[in-house]
There are 2 protein chains.
Amino acid sequence: MNEILIGNIIHAPKFGTLEILSRGYMVLNDGKIAGLYKNEAEIPANYTANAIKHDFGDKLILQAFCDTHLHAPQYPMLGMGMDLPLLEWLNTYTFNTEAHFANTEFATKCYTALANKMIRNGTTRCCTFSSLHRESTNILMRIFEKVGLTGFVGKVNMDRNSGDILTETTEQSKTETLKWLDDCADLKYIKPIITPRFTPSCTNELMDFLGKLANERNLPIQSHLSENTSEVAWVRELHPDCKQYWESYKKYGLFNDRTVMAHCVHSDERERQAMIENGVYVAHSPDSNINLISGIAPVRKMMNEGVHVTLASDIAGGSHLEMYHVLTDAIKASKGKKIQTDYTDEFLTVAEAYYLATTGGAKFFGGGDGFAIGDELHAIVIDDSDFSQPVRELTLRERFERSFYLMQEHNITDVFSAGRKVI
Amino acid sequence: MNEILIGNIIHAPKFGTLEILSRGYMVLNDGKIAGLYKNEAEIPANYTANAIKHDFGDKLILQAFCDTHLHAPQYPMLGMGMDLPLLEWLNTYTFNTEAHFANTEFATKCYTALANKMIRNGTTRCCTFSSLHRESTNILMRIFEKVGLTGFVGKVNMDRNSGDILTETTEQSKTETLKWLDDCADLKYIKPIITPRFTPSCTNELMDFLGKLANERNLPIQSHLSENTSEVAWVRELHPDCKQYWESYKKYGLFNDRTVMAHCVHSDERERQAMIENGVYVAHSPDSNINLISGIAPVRKMMNEGVHVTLASDIAGGSHLEMYHVLTDAIKASKGKKIQTDYTDEFLTVAEAYYLATTGGAKFFGGGDGFAIGDELHAIVIDDSDFSQPVRELTLRERFERSFYLMQEHNITDVFSAGRKVI
């Protein structure tokens, strides 16, 4: 089946580079991008025959967002406890909240609301932490798949240092993880990802098991790295044989080109070099990092060095799941970094932040450059007609920029995920 | 006429202190607050007789917001040009945009949209820069008054260094200012404020005229102070007789307890001391300061020292006029300051930021502490029932906190301004 999307198409094939097609044409063949054309005459005849047309008029057709790090069971605590220090926040809110996901009925209700909120706000690909509960994780995956989300969800593994209310034995953790992989084997769009919560909450035995499992079954991996300085010091105590935090993952086979590590705020040059050499992705979570006063990740420096940076909401350390907010948060955080470094580090432009929120993240899910030929379409359609009236006709580049600053859920009129129109 | 408002009342009589009345009662007498009561039995009988009841059920009744610095004619450029350096931003966007307000038809359309957006988002008191155009300034004031806003609007004065497109002679500036004061003399809720754009854009002759005028007619004053370092250096060149920026206002009688100065990012201890001694208010604009990479104002330090700090959107340096966003921006900026100062400066709590966005600003408009007896009511009513479902019943303190992080326009169901229900 051929489809033709018509509208103002803007995508970011490279970091910092936008391709803008004013009233351009995108041809889909069975949901996969077959070509982008500046005008109708350019489209090959075999594509136009019997094609279904979606004419979006003067609206903007943008790449959909990738959220490469979020905690689904923290959705009920969004925007709360932001005055608390990290450890008190974890103990008062996080662990207590996650513990409720032993209740599958509550999980179903909460995850349905979350999934709808994400897809309606234009996130179509995600890397998500569930809780340690196998059943609720399975529920989460099925709900995500049903609303049209794609990507990875992981049952969390945590067999130490996790408080009384939310823990599992090493043996339980192993057994439940294997069962969970069986549970979700039939899913098409939402796949499992190996998820040690972070080094301090996993015994060496469990880390070893998870590393081997990921390796045997070729599974991706997600965890946390160098979020704040006391955590970094703690890992040093727990793994005196490791010079740096990342090595506590590396030695168990949990640090490779299928790995995404959240935060990396305090990763120095050596740790960043290790990420480049091992092909590890960074899930930069600017809103969470400022809320929890973790620091500001040196993202512009990372990009210059060649680190794979992606963007993430990290709810509920982050207080919003809308990736257009996270995109502007990333710009603002990079400006904060510029101030912090006495105007040495450069800031992220809108085009650069858009790349990180879309193409940068998409690569972790196997995507190509921007709206790449052969990729299943992930796109959102923006109606910006209710934004403040400008004094003159705006360029598409200007409309593109202000969309991210002014967009709200209702401005996203259509969402395509993995080639399917899901909103 | 007596009215009784019933709901969950939360106000900030002091910096950092909340008073929370669960299903409390607020009595209004002709729009003025007559009393707050924990239960109906406490209310004096003469108040309950013939009183009109507004029962808001489980909703939150909060203080309405004060926005102490915004540029109304920059509304059309909201969220644009954020990648540009300050001077290019001013020349490409700001001056060109403001110049369009020579057109009163355009002004009417734009200001109507702005005024509605502000009041619907819970701002009821504001200090607003218009453009230099007398007629459009008059239009702006009348539209603000009509939708229920209160506070001050100033015709901007700028007779040098303002580009070719947007300037006035010293004589024009004086004459038009006097005419404008006559134009708006009949207004009740929106009053004039003397508005030298900032020291570099006003000749000494004009500054002298404006200072005398403000003094003779007892008018308030608004301007900019120490926003960025190159501006500070420029003022030093222009006024070699002034040790510091603030003195260029002081020497013309433009720096007193009816003055609000935007930004003060780079005000050192001596300048802050001068603000305290002269009773000057600071309009802290966290979003604008990060967008334009001006720096992060040391707000927590200012509060410790006794500076009057208020909050401001500063659109369109700021990219949103919703003061609940500015409130969380202020918290995040203070956390950025904590990071920048190696964890020395403390951050603003939610209760503290709420004070700044409400009571702190209200003082500039003659308001008392929180919902103070005798004050005309400025309040908003929040329906938070569509926020993410929590795992347990939340305390009012928790609902209060997350409101600011999660609120959107539709969550504000009612707005009271100067004792009148305007939404």
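Between chain A and chain B, 22 residue pairs are in polar contact, both residues being at pLDDT 80 or more; a polar contact is a pair of N or O atoms within 3.5 Å, where within protein one must be able to donate a hydrogen and the other to accept it, and residues adjacent in sequence count only if both atoms are side-chain atoms. On the side of chain A that touches chain B, helix 2 (86-99), helix 3 (104-120), helix 10 (286-291), helix 12 (323-340) and helix 14 (396-406) each supply at least two residues. Helices (H or I, at least four residues) and strands (E, at least two) are DSSP runs, numbered from the N terminus.

The model is a predicted one, in which local features need pLDDT of at least 70 and side-chain atom pairs count only at pLDDT 80 or more, whereas totals for chains, interfaces and linings use all residues. Residues are numbered from 1 along each chain as its sequence is written, chains are lettered from A and ligands numbered from 1 in the order in which they are written, and side-chain values use heavy atoms, with hydrogens and water left out.

The contact (heavy atoms within 4.5 Å) takes 45 residues from chain A and 45 residues from chain B. The two chains bury about 4200 Å² between them, 57% of it on carbon and sulfur atoms; buried area is the accessible area (1.4 Å probe) that two parts lose on being put together, summed over both. In chain A, the residues that lose the most area to chain B are A:Asp83, A:Ile293 and A:Val391, together 17% of what that side buries. A:Asp83 also forms a salt bridge with B:Arg397, with the closest N and O atoms 3.3 Å apart. The count of salt bridges between the chains is 4, each being a side-chain nitrogen of Lys or Arg within 4 Å of a carboxyl oxygen of Asp or Glu.

Within chain B, 4 strands form an open parallel sheet in the order 5-6-7-9; strands pair if DSSP finds at least two bridges between them. Its edge strands are strand 5 (65-71) and strand 9 (190-192), each pairing on one side only. Strand 5 is joined to strand 6 (residues 123-129) by 5 bridges, and B:Asp67 stands opposite B:Cys126 in strand 6.

Another open parallel sheet of chain B has 4 strands in the order 11-12-13-14. Strand 11 (221-225) and strand 14 (308-311) of chain B each have a single partner strand, so one side of each is left without a neighbour in the sheet. Strand 11 and strand 12 (residues 259-263) of chain B pair over 5 bridges, and B:Gln222 has B:Val260 in strand 12 as its bridge partner.
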